[in-house]
Amino acid sequence: MRATIKDVAKAAGVSPSTVSLIINERPVPISKDTREKVMKAVNDLHYRPNQLAVGLVTNTTNTIGLILPDSNNPFFAALSNQLESRLRHEHLNVIIGNTGGDPEVTRQYLHIFSDRRVDGIILAQMDFEDEAETAKCRELLKSIDIPIVYVDRVADDGNHFSVEVNQVQIGYLATRHLLELGHRQIGCASGSIRLNVNACRYLGYRMALEEYGLAADPSLLFCDSLSITCGQKALPCLLGQNVSAIFAFNDMIAYGIYKECRNYNLSIPRDLSVIGVDDIFLSDIIYPPLTTVAQPVSEIAARAVDGMLHLLQDPQNRTDTAKLNPILKVRGSTARFCQGSV
């Protein structure tokens with residue numbers, strides 16, 4: 001049976017209140033001998049404070065809830081790792097909820113974390129294909145009196161800190177790079193364009209085309225999911241539109257294109273240039289290494305944790321946004337357009 005503070009007090013021959021003062025390091029005059037007896041009893045009995053009871057007294061749990069849309073995606077896995085590491089350094093525990101992008105599951109986790117009185121919530125998805133579902137989540141968030149940090153999303157509920165990467169710039173940088181290499185028939189392989197993150201990347205794509213006097217052709221946009229499967233499905237459709245390059249809206253989609261290119265006996269970048277987004281760790285290992293637009297995961301995590309600490313320390317000043325820029329990383333999967341390539 002787990003030792004209680006009363007067990008420690010009995011073993012040390014002191015009162016429970018004295019034990020509490022010592023283990024919580026309160027600045028009170030207690031003799032060195034008494035402190036040593038109490039700490040010996042703590043160690044002998046393997047006593048650990050009841051965090052639920054401590055939380056009831058302090059009104060804190062030293063716990064942050066982290067809600068991710070897809071923990072299988074290496075980008076979110078890396079982000080989760082960075083966030084957990086930085087929060088642990090601040091002596092904050094993390095409970096992770098993986099929603100699979102389901103708005104109902106997202107709301108369930110928000111209720112669970114709220115009921116468990118976590119000190120704060122870091123939320124990595126708050127918009128969904130169905131605008132009504134997004135509205136439900138936003139209304140729920142407004143009713144939760146807990147500091148919230150939105151990662152890669154911006155909200156207007158007045159109870160948050162947002163860390164936003166310029167998604168329009170991601171689309172612009174990727175497309176401009178391909179245009180500078182001479183490509184003009186550039187396909188897009190995307191998740192649902194009704195999601196804000198994908199809509200913003202597509203806007204950046206169109207902006208880059210407009211700078212070159214080109215109009216976006218809807219037939220060059222293939223939408224499915226932010227997954228390897230999307231890349232596999234997209235390739236035959238976009239090849240049918242005579243594209244010479246493909247802008248994959250994340251690296252996972254690009255991997256699917258790589259995989260499917262083998263079935264078509266196509267060589268990247270000789271026959272087809274491919275660019276992705278995220279710069280997940282495999283992108284520098286595959287052959288040829290993937291040209292990609294990196295989201296600064298380490299900086300995202302650092303700013304998110306800084307924002308959470310600020311909210312916890314100053315709950316009256318809760319609205320702010322950290323805006324970060326993506327970085328184009330040119331590798332071997334993109335090359336100058338040659339007449340006669342796919």
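R331 is buried, with a relative accessible area of 18%; buried here means under 20% relative accessible area, exposed means over 50%, and partly exposed falls in between (1.4 Å probe, protein chains only). This is a predicted model, where local features need pLDDT of at least 70 and side-chain atom pairs count only at pLDDT 80 or more, while totals for chains, interfaces and linings use all residues. Residues are numbered from 1 along each chain as its sequence is written, and side-chain values use heavy atoms, with hydrogens and water left out. Helices (H or I, at least four residues) and strands (E, at least two) are DSSP runs, numbered from the N terminus.

**Salt bridges**

- There are 13 salt bridges in the structure, each one a side-chain nitrogen of Lys or Arg within 4 Å of a carboxyl oxygen of Asp or Glu.
- R331 is in one of them: its side chain meets that of D284 at 3.3 Å, N to O.
- D284 sits in the loop between β9 and β10 and R331 in the segment after β12, so this pair ties together parts that are 47 residues apart in sequence.
- While R331 is buried at 18%, D284 counts as partly exposed at 49% relative accessibility.
- Another salt bridge brings together the side chains of R194 and E129 (2.9 Å, N to O).
- R194 lies in the loop between β6 (186-190) and α9, and E129 in the loop between β3 and α7, so the two tie together parts that are 65 residues apart in sequence.
- R194 is exposed, at 60% relative accessible area, and E129 is partly exposed, at 39%.

**Helix α12**

- Helix α12 covers residues 297-313, 17 residues in total, and spans 24 Å from its first C-alpha to its last, close to the 24 Å expected at 1.5 Å a residue; that expected span is 1.5 Å times one less than the number of residues.
- Its buried residues are V297, I300, A301, A302, A304, V305, G307, M308, L309 and L311.
- Among the elements covering those buried residues are β1 (63-68), α5 (74-89), β3 (120-123) and β11 (320-324), where contact means heavy atoms within 4.5 Å.
- An α-helix has 3.6 residues a turn, so residues three or four places apart point the same way.
- R303 and E299 form a salt bridge, with their closest N and O atoms 3.7 Å apart.
- These two are four residues apart in helix α12, so about one helical turn separates them.
- R303 is partly exposed at 32%, and E299 is partly exposed at 38%.
- Elsewhere, salt bridges that share partners link D279, D284, K329 and R331 into one network.

**Strand β10 and its partners**

- β9 and β10 run parallel, joined by four bridges; strands count as paired if DSSP finds at least two bridges between them.
- On its other pairing, β10 goes with strand β12 (residues 327-329) in the antiparallel sense, over three bridges.
- V293 is the bridge partner of V277, and V293 also has L328 in β12 as a bridge partner.
- T291 and V293 point one way from β10, T292 and A294 point the other way, and all are buried.

**The loop between β9 and β10**

- F281 lies in this loop, between β9 (273-278) and β10 (291-294), and counts as exposed at 57% relative accessibility.
- F281, L282 and I285 make a nonpolar patch on the surface, with about 320 Å² of accessible area together.
- Patches are made of residues with over 30% relative accessible area and no salt bridge, with like charges joined within 9 Å and nonpolar side chains (Val, Leu, Ile, Met, Phe, Trp, Tyr) within 5 Å; areas come from the Shrake-Rupley method with a 1.4 Å probe, and for residues only the protein chains shown count as cover.
- P288 is in this loop too, and a cis peptide bond joins Y287 to P288, with omega about -10 degrees.
- D279 is found in the loop as well, and its phi is positive, near 60 degrees, in a residue other than glycine.

**The loop between α11 and β9**

- P269 is in the loop between α11 (251-263) and β9, and the I268 to P269 peptide bond is cis, with omega near 10 degrees.
- N265 lies in that loop and has a positive phi of about 55 degrees although it is not a glycine.
- N265 counts as exposed, at 67% relative accessibility.
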